[in-house]
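The entries follow in the order of looking.

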Amino acid sequence: MTKKILITGKNSYVGNQLADWLAKEPKQYEVVKESVRDGRWKDIDFSIFDVVVHVAGIAHQDTKANQEDLYYEVNTNLTIDIAKKAKLEGVKQFIFMSSMIVYGASSKIGETKVITRETKPDPINFYGNSKLLAEKGIQSLQSDDFNVVVIRPPMIYGRGSKGNYPILSKFAKLSPVFPNIENQRSMLHIDNLTEFIRLMIENKEKGLFFPQNREYVNTSEMVKLIANVNGENIKITKVFNPLIMIFRKKIKIFDKIFGTLVYDFNLTFYQDNYQIRNMSESIILTEKNVSLSEGGQKE
């Protein structure tokens, strides 16, 4: 039986990628994408959908101090209102895209921050707090007839993605050198995420989930891999490390790029395999216009 799925966030990167992913199995999934920014979502008949995947929201890259109220209105209140409407009209599952940002910032360079099941959320800004409040609001709606899934992904990347990855990619293709600093990051390729969401739908899941790639990422090694995929020869060097350590207090992005922030692997285990892309495959897919089969072979 075909499952009918509503994706909120018509122009969302994750939403569009998920719609394309599910379209590969048209007999199993029928997908509708809708914008929810203008209030017309209130007139949508939710009763025809089995699942609502809510990915609409304001991202942290757009954070401006004078927009705090807007963040809570869109990321928190709108999420809860849509979830309430979904439950009221008989939708069976609501999937919400939260963020690892609810745990706050990454560690300082040289330090390690590992998130486990016992780690308490500790948002450092209103973006993270707006996501956390949305989680709490929709989790209270969980019932026997209404399953709530909250996903806290780490940095999502893939072809056409936004955020830090495109910046690092551009740097890898233009610069002859890049700092060599030991760190680890949890990341999530878009194919691994969309497959994970598909499994959430297929298995009628409920609860809190923490998907990530099957391996941690070292920023310096990732930049070198990006350069190699693009035919560039970048040198990874420690010559800049003393300067970075001096200026990292004033230039916050250094800790963000080179700090360590990971999910414990025990936290991200799932019964079915969603980690269908390893790091090297994911970089090829992101940097090159190629197609890989689920097993990683070029099609």
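What percentage of the 299 residues in the chain is buried? I found that buried residues make up 51% of the 299. I used "buried" for under 20% relative accessible area, "exposed" for over 50% and "partly exposed" for in between, with a 1.4 Å probe and protein chains only.

A note on the source: this is a predicted model, in which local features need pLDDT of at least 70 and side-chain atom pairs count only at pLDDT 80 or more, while totals for chains, interfaces and linings use all residues. Residues are numbered from 1 along each chain as its sequence is written, and side-chain values use heavy atoms, with hydrogens and water left out.

Overall form. I read 10 helices and 12 strands in the chain; these are DSSP runs numbered from the N terminus, helices being H or I of at least four residues and strands E of at least two. The radius of gyration is 20 Å, close to the 19 Å from the globule rule for 299 residues, so the chain is as compact as a globular protein of that length. That radius is taken over C-alpha atoms, and the rule is 2.2 Å times the number of residues to the power 0.38. I also noted that the C-alpha trace spans about 60 × 45 × 35 Å along its principal axes.

Salt bridges. I counted a side-chain nitrogen of Lys or Arg within 4 Å of a carboxyl oxygen of Asp or Glu. By this rule I have eight salt bridges.

I looked up Glu30 and Lys4, whose side chains meet in one of them at 3.6 Å, N to O. Glu30 lies in strand S2 (residues 29-34) and Lys4 in strand S1 (residues 3-8), so the pair ties together parts 26 residues apart in sequence. Glu30 is partly exposed, because its relative accessibility is 39%.

Arg40 and Asp38 pair at 2.6 Å, N to O. I have Arg40 as exposed at 61% relative accessibility and Asp38 as partly exposed at 42%.

Are Glu195 and Arg198 buried or exposed? Both are buried. Their closest N and O atoms are 2.9 Å apart in a salt bridge. The two residues sit three apart in helix H5 (residues 190-202), which means a separation of about one helical turn.

Surface charge. Glu68, Asp69, Glu73 and Asp81 gather in a surface patch of negative charge. A patch takes residues with over 30% relative accessible area and no salt bridge, like charges being joined within 9 Å. Glu68 belongs to helix H2 (residues 68-88) and is partly exposed at 36% relative accessibility.

Note on methods:
Patches are made of residues with over 30% relative accessible area and no salt bridge: like charges are joined within 9 Å, nonpolar side chains (Val, Leu, Ile, Met, Phe, Trp, Tyr) within 5 Å. Accessible areas come from the Shrake-Rupley method with a 1.4 Å probe; for residues, only the protein chains shown count as cover. Lys and Arg count as positive and Asp and Glu as negative; His and the chain ends are not counted. The place of a charge is taken as NZ of Lys, CZ of Arg, CG of Asp or CD of Glu.
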